[in-house]
Amino acid sequence: MMKGALQDISHAVGNTPIVLLHKVTGGVPVEIYVKCEFLNPGGSHKDRLASNLLRRAEEDGLKPGGTIVEATSGNTGASLALLAALRGYKCVFVMPDKMSQEKIAHLRAFGARVVVCPTAVEADDPRSYYQTALRIARETENVFYANQYHNPANPEAHYLSSGPEIWQQTGGEFEVFCAGMGTGGTLSGTGKYLREKMPNVKIVGVDPVGSLYYDFVKQGRITKPFSYKVEGIGEDFFPTSMNLKILDDIVRVDDRECFLMTRDLTRLEGLFVGGSGGAAVAGAVKYAQQMLERGEANVAGRPARILVFLADGGHKYLSKIFNDDWMRENGFLEDSPGIGTVRDIVQGKRAIVSARPDARLREVIDQMKTLNISQLPVVDHGKMRGIVAEVDLLRALVSGGKTLESPIAEVVEDDYATVTPNTKIELLQGVLADAKVAIVEDGGEIVGIVTKIDLIDFLAKHRASASSPPAS
Ligand SMILES: Cc1ncc(COP(=O)(O)O)c(C=O)c1O
């Protein structure tokens, strides 16, 4: 072996650099550092996962010539395909149809078979990409179903690799570790290792608007998930590879914030990253602002430090995030305001009315009658407990065995989604197709409630003003 050479490319996984950000942090006096996982040979942090998954599978008897099957949004597939090429395995990858063409082409370049499934179906629908992968794995012989969502080797990969590497590189001289939440492998494994070494470190997850995680962590409620554009993070079910208990906090970002930050990271910091990297940094900047407000921006005479995990690179998003036409068509660029945002609907509406969980049905009915409203949120010390609508009250009284003296907590429904004031109105239509109402939440506070009729009303007014002739 020649001096300085590696045995093969799999030995180049890891040892990714950590870099200080300068221009995208919005002037918050907290240092934000990024770990450049996109520099891994397979293009993302999933190289660490793939190495550990295959190590475990081979220990369990997987032999060259066998087939690796996985439900993957692209990066895990790319990393498994790379290792499969080296070690002589076949690959079948199943992915949702919202994924970019570049990701699919990338997998096919390694000789993998790619099966594309609809995104807009429930996770337990037989057409979903999780269920399809499961079926293919069942029907294939000499198979290894990687199952990253439920395989303990996923968080273990980061416990054995990312965690120790970060500890070695930094000596623990940072206060917050921040990463996007997908399968949870990164946060659960890295978080566990760092917590063991640094009991005071804060582990912060970043979740896109539309995913289940945020409301569950903040409110303990399972709300209606809805689709969003950023790839690789957020979920519509709870993978067992995600240990939510490891989290100290969670920050929510919307598509627009993710994509504008992704472009800024590239143009201002020279970091050509994917959308989840933009999401993680946008989330870290928000968290830094919260630290400043709490008086935590200074630690022992120096600025507090946040370390952010940048999962993958920008190449696979050239036709989306880095394409102005795509950004404009989706209303993500400054010069493309679209129809507007949820803020435009809620502003001007009367203040939000809510009920406490111990309020009696009778009181809530009176409240709804007096204020002429058809539904209201049930809130317990700032925490959303659910939503109650006329139809729920009717059902409870007529066939649900409740009386006017029953507490409203017994009648609340989970049939709502949460959005932020910045959520685009184009997205709301999809949100309200599945959920009864959209609760508008800003910095942990409920600031509004949007029903289907509010949306229709807004759209009708918008159309009318768009089509009215200009005043002469
Ligand atoms: C681009 C991208 N970012 C972030 C993540 C989230 O990482 P993890 O699954 O370890 O939570 C993924 C996972 O699929 C990803 O592909």
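Biologist: Which residues are buried in H5?

Modeller: This is a predicted model, where local features need pLDDT of at least 70, side-chain atom pairs count only at pLDDT 80 or more, and totals for chains, interfaces and linings use all residues. Residues are numbered from 1 along each chain as its sequence is written. Buried means 20 or more other C-beta atoms within 10 Å of the residue's own, with C-beta atoms placed from the backbone. In H5 that gives Ala153, Asn154, Pro155, Glu156, Ala157, His158 and Tyr159.

Biologist: Why is helix H5 largely enclosed by the rest of the structure?

Modeller: Helices (H or I, at least four residues) and strands (E, at least two) are DSSP runs, numbered from the N terminus. H5 spans residues 153–160. It is largely enclosed because its buried residues number 7 of the 8.

Biologist: Which helices do the buried residues of H5 pack against?

Modeller: H7, one of these helices, also lies on the chain's path from E7 to E8. The buried residues of H5 pack against H1 (46–59), H6 (162–170) and H7.

Biologist: Which residues of E8 are buried on each side?

Modeller: In a regular strand the side chains alternate between the two faces of the sheet. Both faces of E8 are covered. One side has Lys202, Val204, Val206 and Pro208; the other has Ile203, Gly205 and Asp207.

Biologist: In E9, what is the bridge partner of Asp207?

Modeller: Strands pair if DSSP finds at least two bridges between them. E8 and E9 (residues 249–253) pair in the parallel sense over 5 bridges. Asp207's partner in E9 is Arg252.

Conventions: Buried ≥ 20, exposed ≤ 12 C-beta atoms within 10 Å, placed from the backbone. Right-handed = clockwise from strand over helix to strand, strands pointing away. Contact = placed C-beta atoms within 7 Å.
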